[in-house]
Amino acid sequence: MNYIWAGLLAVGFLTGIINGRIDEVTKAAFSSAGKAVELSLGLLGIMCFWSGLMKIMERSGMINLIAKAVQPILKPLFPELENNDKAMGAIVMNLSANFMGLGNAATPFGIKAMEELQKLNGKKDTASDAMCMFLVLNASALQLIPTTVIAIRSDAGSAAPAEIISCIWAASLCAAFAGILAARLLKRIWRNWPGVGENARPAMAGKAVAVLPCNRLNAGRYGTAPGSIRPGSGSGDRPRKGIIKRTG
Amino acid sequence: MKTSALTSISMYMLPVTILVILGAGLKRKVRIFDAFTEGAAEGVSTVIRILPSLVGILTAIGVFRASGALDAIVGLLTPAASLLGIPAEAMPLVLMRPVSGSASLAIVSDIIGKYGPDSYVGRVVCTMLGSTETIFYTLAVYYGSVGIKNIRYTLAAALIADGVSAAASAFICALVFGR
């Protein structure tokens, strides 16, 4: 995220200077910052409403029921979520809200899902494989009735605004499959060649191996060694010593 | 006929879902209003947690777009896109789609206004718009909500899915409706 953010800003400002558009660029920076706040405020009410309903579902056991029902379908994609009804339930609610075109409801459920996934995550500042898979699925969200598209088509005077629905379904499915495949493949690449990941400095492939033990040390120090589920639960002395022994 | 039935299903979906949730809560003797307010309070803190990362990402995207950097990339990538069968007119959308939802919508309205919604290009851009998401926004909100800094391969995989959906949109529209 650090590199992506810096890259967007740096390329943006440099190109702005070259193109002589620096005035517009600066204005855009401030107006987008304002827009982000507007967006969050708009999100606030919906977020409260659906988080509240989600709590009711949790207490009534509805989440567990839903999670159990779709477990067979989603299990292959999220192997680490077996018997975790809260995370699975939130993922299902998010995907089905997206599917029904209830974008407003989808976001709170998605965030809930992320919070549940974060509880299982060993490294709190790094995305887990389940999180990556979940976001990739979201990126190619399949929608039963793409209302926005149909609306702008009929607005533009189309003879048959809804005729492209089947095309949209097919393209969404292609995207979902491609995304799942890509996530699977990249997961292996990231694991086998740490030099590709953000932990190792690029162009220092030879030193990547030397960097690794430090990372492990850090993981111990911040109490995020693999296996510790609650934040801070691993911050005692024992995991740290264990790791120092192994690497030193 | 078929569409109107589908549209009404989606219209009733929301109230029915809410009623089912409330009904199930009452049946299981959940103190539903207490549960609701408790959950809603959590919602407030979540939104506050997302705000900083949303400001960061949306500002960077705003700068990137206003500078004309995006247009430059469109020019560079158009030849490669035509190899995949993506029409050149649709290229601005392909690049804008992951970055900004409202700008994508504006591009699509512009294109179908110019070429007509029932033209080949018009159908392709509509299909693209419907089959992908605003990835950067989704990433900022979801990862921002739990404080993830290293997103690993998420963006790469999501952009691959996006590219495939663009190529698939062009291919499928050509197949179904002809060019």
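Predicted model: local features only at pLDDT ≥ 70, side-chain atom pairs only at ≥ 80, totals over all residues.
## A residue in a loop of chain A

Two residues are in contact here if their C-beta atoms, placed from the backbone, lie within 7 Å. Setting aside neighbours within four places in sequence, A:Leu77 is in contact with A:Met133 and A:Ile180.

A:Leu77 sits in the loop that links helix 3 (62-74) and helix 4 (85-99) of chain A.

## The build of chain B

Chain B has eight helices and zero strands. Its radius of gyration is 21 Å, well over the 16 Å that the globule rule gives for 179 residues, so chain B is more spread out than a compact globule. The C-alpha trace of chain B spans about 60 × 45 × 25 Å along its principal axes.

Of the 179 residues in chain B, 51% count as buried. Among contacts in chain B with a separation of 6 or more, 63% come from residues 24 or more positions apart.

## Where the chains meet

The contact between the chains takes 91 residues from chain A and 88 residues from chain B. On the chain B side, helix 2 gives the most, with 26 residues. By class, this side of chain B has 52 nonpolar, 26 polar and ten charged residues.

Notes: Residues numbered from 1 in each chain as written. Chains lettered and ligands numbered in written order. Helix = DSSP H or I, 4+ residues; strand = E, 2+ residues; numbered from the N terminus. Nonpolar A, V, L, I, M, F, W, Y, C, P; charged D, E, K, R; others polar. Rg over C-alpha atoms; globule rule 2.2 N^0.38 Å. Buried ≥ 20, exposed ≤ 12 C-beta atoms within 10 Å, placed from the backbone.
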